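Here is a short report for a reader meeting this structure for the first time. Please look over the sequence and the model, then read on.

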Amino acid sequence: MLAGENTMTAGPAEIASSDFGRVLVQRERRFATLLLAPAFFALLLTTTFPLLFLVYTSVYRINLSMPFMNGFVGLENYKVLLADDRFWHSLIVSLVYTISTVLLQIVIGLALALFVMNMKRGQGWFRIIAILPVVLSPAVVGMIWRTFMLAPEFGIVDYLAITAGLGSKNWLGDPSLAMVSVIVIHTWQWTPFAFMVLLASLASLPEDIYEAARIDRASAWQRFRRITLPLLRPAIVMVIIMRTMVALTAFAAIFTVTGGGPGTATEILNLYAYRKSFTELSIGYGSALAVALLIVTIIISAILFAIRRSK
Amino acid sequence: MKSFSKPTRRTFLKTSTAAAAFIGFGPAILRHARAQDASLGAYQSAKINWRQAEGETITVAVIPASYFENLISLEAQFKALTGIDVRFEKVPPAQIRQKSVIDLTSKTATYATSATDPMYYSLYAANKWVDQLDTYLNDASLTDKNWFNYEDIFPAWRGANSVDGKLYGMPYDGEVTIQVYRKDLYEAKGIKAADTLEDYMKNAAAVHAPDNRVWGAALRGVAGAGQNMYIYPSLFREFGGEWFKGGKLTVNGPEAEAALAYYVDLMRKYAPNAASNWNWPDIADAFSQGTLGSYIDAHSSASVVNNPEKSKVIGKIAYARWPKGPSGKRVSSIWNWGFPINAALSEKKKKATWLFIQWAASAETQARTAHKFAGPTKRSGANRESVWKDAEYVKLLNGFGDNFVQVSMEALQSDTDVDWRPRVPQWPAIGDTMATAIQSALSGQNTVKAALDDAQKRIEPMMRG
């Protein structure tokens, strides 16, 4: 009876304890879901939904100047897109812009990082000054360059060009110079980012390998090629991935500096999509262009990630 | 209430100055107050109930320009007259079109009315985004026709703001493009204002001396439907171009090529390098620094080149109508900022908006923002013939330089018509495409012919739908 009583009392307690654990876990999970829900919904609402809506509008004809023609058109917008010279032109401009800015950022950023690593004094100051362009808004950077740096005759760059005997150049009025200008501007603003990341990983490289190399009488170039570069590879690839994604979707600086001009010389895909949607009011086709840009960005990032994983 | 609970620096200054002034100049203030009261009389003589929408608040989008600033400064008078609160929002011209379109498509009714580009009414009307104003004009409870005298407003601008004969936007302030030139430079070379485009090129060559920092001439170079595509249409029409050849919108062909070639030629030979990215304020600034011999742009830029604080050429400026083109025509621009009524508003707000529009476009308010305006910057784009015939207004404007009033009036009355640019709902797309084409020819990215043919190729599917 007593034992029975014991089992009677112990039994439910045991069951209760395992049950309790499960209930706790369940409650915990529910609580976690509850905590996560607002952020999750906010994210869904602000990123996923607009993205799906973009894809949805891209299969419709939505033209504000001819509302009576609006309706579902399936893949028509994409067919038009593939035959649109200006789309291909802007895609090429985008790729040229991306590849050249990313390459320049890596090369200059790495050079700067190597230079600063060997600096005995003033490294901190250099870092602070170097980071300044990054914290500026691209639109502000655009305005600075447009008025202060590149304006013919009065701009600093043009003044230097005249002093150097090159003569006054129409930096933003000539198609190829305008392209060079926007590439330089983007590089100027974002090289410090590459520089900071590469400097940080340079600082973390093990000193003993270099010591061993020096004992083996490896030249500076050999040390750089055989040790520094391979060890920096993960950082470099990461910088390439991040900068590529940003360069592909750049907008504000070009918009304020050239607006895609002269003509269409600096019209990157993003800008073309914007103009189609908001200036020409052809929202459906503009969405298709934006989706095309999204696809291009995804493909390029996928390739870069694959490269990163491959070794 | 708010000012009592939260005395800001401004209200403090206001009340304390008012108090001080009152103690010192009590009687003067009282006289002034009486004058203010009487001044509403000019409006109260209209046989309508100005207070029928009392208590409403409306938001009006305008561009940051002196002609709207003057109107904004009279807002208290409007409030005293009607009891309606007006909140002004200043949006730069490049963005106001987009912001308005976004507001209208989403039917949020943020702007009761907004300063509107006349080229946009076809688009607005096609989407039924704005109300026909004829309904309001013909409603005796809302408009006193004799008092408002709609027919006094320039017919060209009324026409530009109408679609199929129905008015959609009330003209508030407008402009025409004219020749502006340095009479001292012209006299020194023994030349006169150009009568033909050919002469204009020759004049530019005659005064062109970049080594002395004087360039021959400049036109708007920056791309935009309201920038380079605000000057090119005049050249196109002067060279004999027609937008709708046989009912089909055509932007290429021999006349177009000749017109664009002329533009590119003039700009490359005689304009400063930087002008390919210039809009009218940049041109006016360069002219007032004495570095330009001449330009063709809006008559309203006269107030910039006559700004006593900045301009070095005051007293040396003269004006003339557009030079004639090979077709024998002079073609000026047609432009005004008008006020439509957003169709998404409630009935009462629509009434309030109409009262505001009627007030702003009335002869009295036009005069009070122009020659009767107390501040330093007066308007030069009043919307009515009666104002332009007012001796005081004429005196004010003739201070801008030789022939100013005569030239502007003639340009307005005989050098322009509503089909100056293609008035179709697709205009935003067409204007942008043309602007890009003009700039690509100017920068040498394309030849003149290739740029225009490409534009034609892009515009055709837009029109087909």
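Strand S6 (residues 170-175) of chain B is largely enclosed by the rest of the structure, because six of its six residues are buried. Keep in mind that this is a predicted model.

**A strand and its partner**

Strand S12 (residues 335-339) of chain B pairs with S6(B). The sense is antiparallel, and the pairing runs over five bridges. One bridge can be named: Glu175(B) has Trp335(B) of S12(B) as its partner.

**An enclosed helix**

Is helix H21(B) enclosed or open? Of its 16 residues, 16 are buried, so H21(B) is largely enclosed by the rest of the structure. The helix covers residues 427-442 of chain B. At 1.5 Å a residue, H21(B) should span 22 Å, and its end C-alpha atoms lie 22 Å apart, so the two values agree. After H21(B) comes Gly444(B). The phi of Gly444(B) is positive, near 85°.

| Element | Residues | Buried |
|---|---|---|
| Strand S6(B) | 170-175 | six of six residues |
| Helix H21(B) | 427-442 of chain B | 16 of 16 residues |

**Chain B as a whole**

Chain B holds 22 helices and 12 strands. Its radius of gyration is 24 Å, close to the 23 Å that the globule rule gives for 465 residues, so chain B is as compact as a globular protein of that length. Along the principal axes, the C-alpha atoms of chain B fill a box of roughly 65 × 55 × 40 Å. Of the 465 residues of chain B, 50% count as buried. Contacts also reach along the sequence. Take those in chain B between residues at least 6 apart in sequence: 75% of them join residues at least 24 apart.

Chain A is divided into two parts: domain 1 (2-43) and domain 2 (84-310). How far apart are the C-alpha centres of domain 1 and domain 2 of chain A? The distance is 54 Å.

The two chains touch. Chain A puts 25 residues into the contact, and chain B puts in 25 residues. On the chain A side, helix H11 (residues 269-279) of chain A gives the most, with three residues. By class, the side of chain A that touches chain B has 12 nonpolar, 10 polar and three charged residues.

Methods:
Residues numbered from 1 in each chain as written. Chains lettered and ligands numbered in written order. Predicted model: local features only at pLDDT ≥ 70, side-chain atom pairs only at ≥ 80, totals over all residues. Domains from an automatic or database assignment. Buried ≥ 20, exposed ≤ 12 C-beta atoms within 10 Å, placed from the backbone. Helix = DSSP H or I, 4+ residues; strand = E, 2+ residues; numbered from the N terminus. Pairing = 2+ DSSP bridges. Contact = placed C-beta atoms within 7 Å. Nonpolar A, V, L, I, M, F, W, Y, C, P; charged D, E, K, R; others polar. Rg over C-alpha atoms; globule rule 2.2 N^0.38 Å. Expected span 1.5 Å × (residues − 1).
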